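Dear colleague,

I am handing over the structure below, and after it you will find notes on what turned up when I went through it. Please read them alongside the coordinates.

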Amino acid sequence: MAPALEAQVPQEAESVPQNNNFLNSANDATHRSRVTVIGSGNWGSVASKLIASNTLRLASFHDEVRMWVYEETLPSGEKLTDVINRTNENVKYLPGIKLGKNVIADPDLENAVRDSNMLVFVTPHQFMEGICKRLVGKIREDAEGISLVKGMEVKMEGPCMISSLISEQLGINCSVLMGANIANEIAVEKFSEATVGYRNNKEVAERWVQLFYTPYFIVTAVQDVEGVELCGTLKNVVAIAAGFVDGLEMGNNTKAAIMRLGLREMKAFSKLLFPSVKDNTFFESCGVADLITTCLGGRNRKVAEAYAKNGGKRSFDELEAEMLQGQKLQGVSTASEVYEVLSHRGWLELFPLFSTVHEISSGLLPPSAIVEYSEKLPRSF
């Protein structure tokens, strides 16, 4: 299956071969990269598992992978980091999956990043600014970052992508990795794909691809950070809409229509913010594939379905706490941030789906409004 899919990758996407002289040269042995994963939730734990399998295999990386854990006390009274290091398993966020004996959980953020020159950011986006502030002056000057974080920060001067936030606050180059990646499926090594978005340095992109690439997790690279990142961010808003449709039992035709309209708004919003965004990016794993899988099986869809079934009478905060066991929704907060951008720039009428998702999520409209919005579609959109 994998080889056939790889053969279909368009020219704009570059799949990096397993044997890479840049990464495996014996001359690089004394300059091996050290990796820290900043985040240990469901996706952070899976990312650590993927990376750890490759650092053992590739001569260009130190074996050990540090994983920063926001410390929690489990019902047993034990600290989560102690249990992870003793059992090699994140019993709270990824139970039943061995991470790799070379994964070391560390509750001290500064210690976790010390000496690492490859930093993988994978925490809920609402925590990223605080994390970056704590890391200022604490990381290596030659560090490279990659963000697996889906979301954006909205500031007075406008929207700020998480990769830009990392770059600006820490003074490092930051790539992104997004894709059709439901973490629990990758954890049990079901076939999946992902996209690395990079800026200018193709060698850095190749290093990231090699770090994540496995026979069951195919990674390609495109030179379009903003396009890749916005796909990963905006699809969660569309997934909330898909969940409303499921909760109201409107059927597959309606859900397909919502997904198509959502993809159209994703593309239009991305290109208005960043004209450099490439059309082909939306046909990578980070684009249409991620949109499909998130609207079919992600946590945003799941909780939005419950919200609609309850007629909007139970808040998203309440449902999140009940259904996700400590994991965080991204779609509701992203919808709010997107709405703020649309309102500030006078674009609300251009993006009726995005606008309506926020208005339903915040209790201004009933869940049934998700299909009524289509009457407001401007003919020129």
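In this predicted model, Glu-249 is exposed, with a relative accessible area of 69%, and its place is in the loop between helix H10 (225-247) and helix H11 (252-273). Although Glu-249 is not a glycine, its phi is positive, at about 55°. Asp-115, which is not a glycine either, has a positive phi of about 75°; this residue is found in the loop between H5 and E5 and is partly exposed, its relative accessible area being 46%.

The buried residues of H6, which spans residues 128-135, are Met-128, Ile-131, Cys-132 and Leu-135. Seen down the axis of H6, these buried residues fall within an arc of 100°, so they line one face of the helix. The partners against which the buried residues of H6 pack are strand E2 (33-38), strand E3 (61-68), helix H5 (109-113), strand E5 (118-121) and helix H7 (162-170). H6 is followed by Gly-137, which has a positive phi near 80°.

As to charged side chains, a search of the whole structure finds 18 salt bridges. Arg-66 takes part in a salt bridge with Asp-106, where the closest N and O atoms are 3.3 Å apart. That pair links distant parts of the chain, since Arg-66 lies in strand E3 and Asp-106 in strand E4 (residues 103-106), 40 residues apart. Asp-106 is buried, with a relative accessible area of 6%, whereas Arg-66 is partly exposed at 24%. The side chain of Arg-66 also meets that of Glu-64 in a salt bridge (2.8 Å, N to O), and Glu-64 is partly exposed, with a relative accessible area of 33%.

Elsewhere, Glu-318 and Arg-314 form a salt bridge whose closest N and O atoms are 3.1 Å apart; Glu-318 counts as partly exposed at 40% relative accessibility, and Arg-314 counts as partly exposed at 21%. A network of salt bridges links Asp-246, Lys-255, Arg-301, Glu-305 and Lys-309.

Finally, for the chain as a whole, there are 17 helices and 11 strands, and 56% of the 381 residues count as buried. Of the contacts between residues at least 6 apart in sequence, 74% join residues at least 24 apart. The accessible surface of the chain comes to about 16100 Å², and 49% of it belongs to carbon and sulfur atoms.

How values were computed. Residues are numbered from 1 along each chain as its sequence is written. This is a predicted model: local features need pLDDT of at least 70, side-chain atom pairs count only at pLDDT 80 or more; totals for chains, interfaces and linings use all residues. Side-chain values use heavy atoms; hydrogens and water are left out. Helices (H or I, at least four residues) and strands (E, at least two) are DSSP runs, numbered from the N terminus. Buried means under 20% relative accessible area, exposed over 50%, partly exposed in between (1.4 Å probe, protein chains only). Contact means heavy atoms within 4.5 Å. Accessible areas come from the Shrake-Rupley method with a 1.4 Å probe; for residues, only the protein chains shown count as cover. The arc is that of the directions from the helix axis to the C-beta atoms. A salt bridge is a side-chain nitrogen of Lys or Arg within 4 Å of a carboxyl oxygen of Asp or Glu.
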